[in-house]
Amino acid sequence: MTNQEAQNKIKTEEYFINMGPQHPAAHGVLRLILTIDGEIIKNVEPDLGYIHRSIEKMCERDSYQQIVHLTDRMDYLSSHINNEAVCLAVEKGLEIEVSDRVKVIRTILDELTRIASHCLWWGVMGMDLGALTTYFYAFRDREMINDIFEETCGARLTMNYNVPGGLMFDIHPNFVKRTKDFIAQFKTKIPEYNLLLTDNVIFQKRTKGVGILTKEDAISFGVSGPVARGSGFSSDVRKHHPYSAYDRVDFKEILLTEGDTFARYQVRMMELWESVSIIEQLIDNIPEGETKEATKAVIKLPKGEFYQRVETARGELGVYINSTGNKNPYRVKFRSPGFSNLSILNHISKDVLIADLVAIMASFDFVIPDIDR
Amino acid sequence: MTNEDLQNIITGLGTDLEFTTEGSEFLNVIVPKEQLHSICSQLKSNPKLKFDYAFCITGMDWVPALGVIYHLHSTELKHEIVVKVMVEDRENPTLDSVHDIWQTADFHELEIFDFFGIKFNNHPKLRRLFLTPEWEGFPLRKDYVDEANMIIK
């Protein structure tokens, strides 16, 4: 009996297995119920809620200044951008125009946040695929950004530097110098990252052609961010609905058409260069001006609905505020990028190996508190 | 396309549609719940509208009515609208699922079912997504009370 005949004689049947909620590759408490036949995945059903805190319900109880602080705890790697989303929505409601200084500082910090987030993602993507070294390289560089954040606002992760109407206080005198030092050093590190992981043959074989997402599916499933751009779907909020200082900087929206895990990886690696370029364009020209527009101690938005979207490191974060004119919002909805991106996981993970699912998940860059809210 | 042009096209898609832009940056269309699925599929398929990207789907409790808000975008024509649908019945609220039009609605409808208790006809597998299956009540409704876990001011 040949090997193939022996294989055919073995009777297999589908069964289900839990991946998570404490799986190292899930980067948090995500439970996936996998239906598998041998090593082949037949169905993926996400079960959420292990870190659900009902932030939307808490918002209905809090004032607009307090809501900003809750958003840190959603996508904790894009906390500055999350804060900005709520602040922009409130400023839209109050019809406040913040000064150019605020806009530029916010944009620089947005991009530093994006670099820090992509660094962490790059480190853990390597780690998920068995290359532990990347983690240390990425964290060494990310540490410098966290130090800048710490000097700016006292916090390394949950920043709370944005407030409705501007910034909590002005930047530290060292800010410009340290940011320029970081950029100068980081530009020598990106080629190093590529040498270490991108050009690695094993890495490429694990990621090329795995988990292909078509542009049509990306649109229908509401996918956004680097995942959508890896499939050729132009969805960058910074380009399509510019906020803060993004309308005055020159940068490319990275679009690749392959739609596989490697394309999603490449989009983020190329975005690092774009973020560096945006910071370089702004860092020497921070205009003078007020760091905070005067707002009332108790903010009351006029009756109406306000929608604001921003581009976090993971995609489009939408903040929907429904106000009845009180000091608390009537309803707040966070359209989180991770939640919409997760919905496609089952669709593109059919008939792949379990090990490939880990690679696909790594390329999606899930932050579970962002999905659960 | 301007909001007036959008309104003129959408008016022809159904009956008793209400339009408003008051207090919102988008054109709001309030659709009777019986027509929700037919209007939505036309919003996507009509060559002048092509709303193919549902970027935000929100459950609402407007006391006494419950409802859903769909934020729609056309990736090709770049215009946006908001569709609202209301359901008066709080005991057994039911709407048609739109997951066959925008597949992202599958997950968002699960979330809305979990927090508002709105059931969706033809949804592939309606279940509790965030909360445990034995959870009682729907937390994001305005009349939800949990004396142990909620601070009520």
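The model is a predicted one, in which local features need pLDDT of at least 70, side-chain atom pairs count only at pLDDT 80 or more, and totals for chains, interfaces and linings use all residues. Residues are numbered from 1 along each chain as its sequence is written, while chains are lettered from A and ligands numbered from 1 in the order in which they are written.

Chain A first. Its secondary structure comes to 16 helices and eight strands; here helices (H or I, at least four residues) and strands (E, at least two) are DSSP runs, numbered from the N terminus. With a radius of gyration of 22 Å, close to the 21 Å that the globule rule gives for 373 residues, chain A is as compact as a globular protein of that length. That radius is taken over C-alpha atoms, and the globule rule is 2.2 Å times the number of residues to the power 0.38. Along the principal axes, the C-alpha atoms of chain A fill a box of roughly 85 × 50 × 35 Å. Some 49% of the 373 residues count as buried, buried meaning 20 or more other C-beta atoms within 10 Å of the residue's own, exposed 12 or fewer, and partly exposed in between, with C-beta atoms placed from the backbone. Of the contacts in chain A between residues at least 6 apart in sequence, 71% join residues at least 24 apart; a contact means that the C-beta atoms of two residues, placed from the backbone, lie within 7 Å.

Three strands of chain A make up an open, antiparallel sheet in the order E1-E2-E3. Strands E1 (15-19) and E3 (40-47) of chain A sit at the edges with a single partner strand each, so one side of each has no neighbour in the sheet. On average, neighbouring strands of this sheet are turned by 25° against each other, direction ignored, with axes being lines fitted to C-alpha atoms, for helices over the stretch in contact, and angles running from 0 to 180 degrees between N-to-C directions. Strands count as paired if DSSP finds at least two bridges between them. E1(A) and E2(A) pair in the antiparallel sense over five bridges, and Phe16(A) has Thr35(A) in E2(A) as its bridge partner. Seven bridges join E2(A), residues 31-37, to E3(A), again antiparallel. Among the partners in E3(A) are Ile41(A) for Ile36(A) and Glu45(A) for Ile33(A). The hairpin of E2(A) and E3(A) has two residues between the strands, and Gly38(A) takes a positive phi near 65° there.

Further along, helix H7 (residues 175-198) of chain A isn't straight: it bends by about 30° at Lys187(A), with Pro191(A) following within four residues. The bend is the angle between axes fitted to the seven residues ending at a residue and the seven starting there. Thr179(A), Phe186(A), Tyr193(A) and Leu197(A) are the buried residues of H7(A), and their cover includes helices H5 (100-128), H6 (133-153), H8 (201-207) and H12 (261-283) of chain A.

On to chain B. Its strand E1 (residues 18-20) pairs with E2(B) in the antiparallel sense over three bridges, and Phe19(B) stands opposite Val29(B) in E2(B). The two strands form a hairpin with six residues between them, where Gly23(B) in the turn has a positive phi of about 65°. E2(B) is also joined to strand E5 (residues 80-87) of chain B, this time parallel, by five bridges, with Leu27(B) opposite Ile81(B) in E5(B). Strand E2 (residues 27-31) of chain B has a covered face of Leu27(B), Val29(B) and Val31(B), and an uncovered one of Asn28(B) and Ile30(B).

Val63(B) and Pro64(B) are joined by a cis peptide bond, with omega about 5°; Pro64(B) lies in the loop between E3 and strand E4 (66-73) of chain B. Lys50(B), not a glycine, has a positive phi near 50° and counts as partly exposed, with 18 C-beta neighbours inside 10 Å. In chain A, Asp351(A) has a positive phi of about 60° although it is not a glycine, and is exposed, with 9 other C-beta atoms within 10 Å.

Finally, the chains meet: 23 residues of chain B are in contact with 25 residues of chain A. On the chain B side, strand E3 (53-61) and helix H3 (105-116) are the elements that give two or more residues, and E3(B) gives the most, with six.
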